[in-house]
Amino acid sequence: MNTNQSTEPDEAASDASTSKQSKRSPLAIVLVLSGIVLLVTFARIRLLELPLERDEGEYAYGAQLLLHGGRLYHDLHTMKWPGMYAAYAILFSVGGENITTIHVGLLLVNLVSAIAIYLIARQFTGRNESLMACACFLVLSVLPAMHGIIANAEHFAMMFPLLGMWCLIHSLRERQPAGIFIAGALFGLGPVMKQHAHAFVILGGVMTLLTPWPATGRRVLANALNAVIYSAGVLLVWGAMCLAIWKLGVWDQFVTWTVIYPKDYTRQIPITAAPANFLNTFLPILTYAWPLFLLALTGFISILRRGNVEQRCWGIALVVAGLLAISPGFYFREHYFLLLIPTIAILSAFGVKAIADHFHKRLAKTDDRPVAVLCGAALLLPLIMQAGLLFTQPLRVVSRTLYGANPFVESPEIGKFLKERMGKDDLMTIFGSEPQLCFYSQRRLATGDIYMYPLTEIHPLAKQMQIEMIKNIRLTEPRFAIYVSTPTAWLLRPESEQLLVNFIPSFLKDYRMVGLVQIKSFDETDSNFAPPGEYLRGYAASPPIDSHYVAIYCRKDALE
């Protein structure tokens, strides 16, 4: 007996249900979901000028280096693969090096991902349900609770695997090797943007082995060949990336920062702390997004109970991949949960289908209005709960609410001051983790250390990293030095290596303070900048005592 026949009744029922749905008038649902898309788009447009935070500043500075002759991993130390810097560089080459370009790019990437979600859901459900998945994705991916309004790597790392998933589903069904190869290349681009997306690469590889499932006889060999073709697409992308890095002459630095250091980085949090870390981040997100998570849970249960084999395989694989993608190192930061959104969005389509089928069975008619009201409520509630940040509050308040006393609101002003006072070839060093200052000022760092975190974490490489930074600072004698006092710019621990901390006061003896930006409260910032050629008299060369400030220093001989 051919085991593939066992799935035919389920598939026939699913196809009949989808056909029945396509005959119903989708107007009510289409109107509701169109309104949601417009609301989300309006929110992103309103936030186009939101000041950059650290990660955005890192990608923007890296993009500037790429565009102006710099080298990643030498001029910028990062454990991330180079995709985000290249993506920002492409955006800058089209729209100019500014905040608006970054956030317009985020809007476009978000819309492409939403379209991919629709296309994936359409492979399994009707048009209305697929539109719901699309709208669900847009709502969740813009929520400030997940830092969705920030152009983080997760947005870009989702887009390519989603396009690859749609291509893979279609190509496996039609047995198209070229499509499977392209799908592999698209999946492979995900980790190039952020390594967390490796989980989706594994998902695609597993599905090439399982689809169609169960596979017997010659089908096993055909599936194995599909997996080889898929893997070739993935390896082509990764091979091209490695070749480009090797040709830049930074292969050793690339290995140090993306292979050796991450091994220590991901071991710092014990697995026993993982549940608490997960809940501490997830529960606040769930507070805002619970209607959509509940809808997705309904969809997942529906797939397990009544879905065909293909739907069950993809549903389970998406859940596993999404959970794996947010878990590396057990940090569970808010923006990591963006990688779980595709799973929630696609499962929500099945949830809507299950609820619609229940309504139609109970009411004995195909009226879409109750389902439209339910979808609208589930989508609007998260937006309403975060309406202030999304639609009404000033951008300064939005940044402060998300990031507290971190100097992101003040960074454009500081960057402008540095750009005016520094020559194009002048170097600076930042004692703190504020790479956005490099982007705003369009000036380079004397070292590749854009963050202090790798230097203050507890791992074997930390001391050597501090030694290298101090050595490079002494060799280059940067004209400007910036000290950031905000604790989150350092994340010092009692057991952190203290070489750099002890070095700073003696180093600053050869400098004069020319600017001081003090963050006094949520609403108040006090900025003082010395006129050209002068310094702030009355301030000592060592940093002030205030807890949140940015102090700017110029070398004494550069002022004379």
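Tutor: Lys520 and Asp526 form a salt bridge, with their closest N and O atoms 3.6 Å apart. The term salt bridge is used here for a side-chain nitrogen of Lys or Arg within 4 Å of a carboxyl oxygen of Asp or Glu. Lys520 counts as partly exposed because its relative accessibility is 48%, and Asp526 counts as partly exposed because its value is 25%. Buried means under 20% relative accessible area, exposed over 50%, and partly exposed in between, with a 1.4 Å probe and protein chains only.

The model is predicted: local features need pLDDT of at least 70, side-chain atom pairs count only at pLDDT 80 or more, and totals for chains, interfaces and linings use all residues. Side-chain values use heavy atoms, leaving out hydrogens and water, and residues are numbered from 1 along each chain as its sequence is written.

A search of the whole structure gives nine salt bridges. One of them joins Glu310 to Arg173, where the closest N and O atoms lie 2.9 Å apart. This pair links distant parts of the chain, 137 residues apart: Glu310 belongs to helix 13 (residues 309–325) and Arg173 to helix 7 (residues 153–174). Helices are DSSP runs (H or I, at least four residues), numbered from the N terminus. Glu310 counts as buried because its relative accessibility is 18%, whereas Arg173, at 35%, counts as partly exposed.

Arg400 and Glu410 also meet through their side chains in a salt bridge, at 2.4 Å from N to O. Arg400 sits in helix 17 (residues 395–403), and Glu410 is in the loop between helix 17 and helix 18 (411–421), 10 residues apart. Both Arg400 and Glu410 are buried.

How values were computed. Helix = DSSP H or I, 4+ residues; strand = E, 2+ residues; numbered from the N terminus.
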